[in-house]
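Work through the following exercises with the coordinates open beside you.

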Amino acid sequence: MAKDYTTLRDPNAEYTMRELSAETMGVQAKRGGGRDVEITDVQTTMLDGNFPWTLVRVYTDAGIVGTGEAYWGAGVPEIIERMTPFIVGENPLDIDRLFEHLVQKTSGEGSIEGVTVSAIAGIEVALHDLAGKILEVPAYQLLGGKYRDRVRVYCDCHAGEESEPESNAAEAERVIEELGYDALKFDLDVPSGHEKDRANRHLRGPEVKHKAEIVRAVTDRIGDRADAAFDCHWTFSAGSAKRLAREIEDLDVWWLEDPVPPENHDVQREVTQHTTTPVAAGENVYRKHGPRRLLEEQAVDVIAPDLPKVGGMRETRKIADMADTYYVPVAMHNVSSPVGTMASAHVATAIPNSLAVEFHSYELEWWDDLYEGTPIIEDGHIEIPEEPGLGLTLDMDAVEEHMVAGESLFD
Ligand SMILES: [Mg+2]
């Protein structure tokens with residue numbers, strides 16, 4: 001039998017210095033115009049995608065339902081269940097206050113960073129869908145309006161188990177010509193056959209050469225038909241990262257991503273400032289506070305927040321605004337289902353400094369089956385829908401078909 005997390009004692013229930021509920025803040029039901037709406041329930045279901053996608057639905061007494069997505073991670077559905085009593089009875093239009101309310105309510109159990117933030121993000125995205133539907137405007141309008149009708153999407157590409165320069169170049173060619181993308185990303189943390197020790201983060205000369213050959217093969221093959229980024233997944237030592245970044249300086253690299261581990265901002269800054277190769281990072285930090293030092297210390301050339309992980313749509317907008325004060329563009333990391341991807345697209349159209357939004361599921365045949373209508377990604381772009389909210393309607397038959405075993409469908 002499933003555990004009931006909502007009955008666990010709330011550590012903040014009796015007394016908190018910064019209680020942000022509607023009752024405590026004196027936010028009354030007096031808006032009129034159909035805007036006096038109350039949240040009645042929150043539900044989740046998990047899909048067995050190329051990541052375990054956690055879909056979130058927020059229900060209201062107006063019969064309007066908002067759909068969001070939380071970043072995957074063990075325990076996220078349980079955390080959402082735990083937080084549900086904190087927002088039942090609240091007006092879903094108070095997105096910022098409810099976000100802070102949830103952060104505050106769970107501040108002692110993980111809302112500074114990690115899966116608790118991602119759980120809050122799932123609700124926050126659903127609130128944007130809901131608020132858009134209540135106000136009858138697309139979600140981007142809640143974020144300040146549009147900079148562009150179409151958002152550029154880059155395709156995260158895989159070049160097989162034996163990742164060699166030619167297999168990467170061939171895949172780049174295929175993705176451009178057959179799938180229509182003009183923006184790509186490839187992995188550089190792939191075995192070269194020259195490794196002596198996988199733990200010490202050091203790259204030997206032949207390894208650096210192999211990685212540079214992959215970059216050269218891809219960039220030479222695509223020419224000016226596409227942009228190409230290269231991801232290192234936090235793998236290398238400071239010295240090796242600098243050497244690799246220098247080695248590819250003459251090549252047309254969109255950005256080099258996460259060359260060093262994410263914890264030490266001083267090293268991140270040192271690597272970025274050591275090379276003319278643009279360096280990106282940011283998918284492993286949380287809330288607007290996480291990227292602050294990366295930006296203030298000019299430790300990145302490109303910031304890469306993951307929307308359902310970092311805290312949701314407004315939190316990503318706030319990070320983008322902060323990045324813009326340092327003239328840093330935003331390339332949103334995204335490994336989500338169509339729900340999180342569309343949420344990212346709405347933010348990307350509402351900020352000036354969007355480079356592109358990632359798409360990480362080009363090998364998953366049923367990604368487009370999850371929603372009604374035509375494919376949302378066409379020719380490497382997402383056309384921003386004009387329907388209220390996210391403008392995406394889930395196909396519940398497909399959702400049910402691809403649920404993780406033991407999950408149940410939304411009401
Ligand atoms: Mg990455």
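How far apart do the C-alpha centres of domain 1 and domain 2 lie?

**Solution 1.** The model is predicted, so local features need pLDDT of at least 70 and side-chain atom pairs count only at pLDDT 80 or more, whereas totals for chains, interfaces and linings use all residues. Residues are numbered from 1 along each chain as its sequence is written. The protein chain is divided into domain 1 (5–137) and domain 2 (142–384), with bounds that come from an automatic or database domain assignment. The C-alpha centres of these two domains lie 29 Å apart. Their contact takes 27 residues from domain 1 and 21 residues from domain 2, where two residues are in contact if their C-beta atoms, placed from the backbone, lie within 7 Å. On the side of domain 1 that touches domain 2, β2, β3, α3 (95–105) and α4 each supply at least two residues, and α4 gives the most, with ten residues.

**Exercise 1.** Describe the overall dimensions of the protein chain and its burial.

**Solution 2.** Begin with the elements: the protein chain has 14 helices and 13 strands, which are DSSP runs numbered from the N terminus (helices H or I, at least four residues; strands E, at least two). The radius of gyration is 22 Å, close to the 22 Å that the globule rule gives for 411 residues, so the protein chain is as compact as a globular protein of that length; this radius is taken over C-alpha atoms, and the rule is 2.2 Å times the number of residues to the power 0.38. Along its principal axes the C-alpha trace spans about 65 × 45 × 45 Å. Of the 411 residues, 49% count as buried, a residue being buried if 20 or more other C-beta atoms lie within 10 Å of its own, exposed if 12 or fewer, and partly exposed in between, with C-beta atoms placed from the backbone.

**Exercise 2.** Determine the strand order of the open sheet of three strands, and find helices that pack on the sheet.

**Solution 3.** The order is β1-β2-β3, with antiparallel pairing, where two strands pair if DSSP finds at least two bridges between them. The edge strands are β1 (39–48) and β3 (65–70), each of which pairs on one side only. From one strand to the next, the twist averages 20°. Nine bridges connect β1 with strand β2 (residues 52–60), and D48 stands opposite P52 in β2. Helix α4 (residues 115–135) packs on this sheet, touching β1, β2 and β3, and its direction makes about 150° with that of β3. Helix α13 also packs on the sheet, touching β2 and β3, at about 95° to the direction of β3. For these angles, axes are lines fitted to C-alpha atoms, for helices over the stretch in contact, and angles run from 0 to 180 degrees between N-to-C directions.
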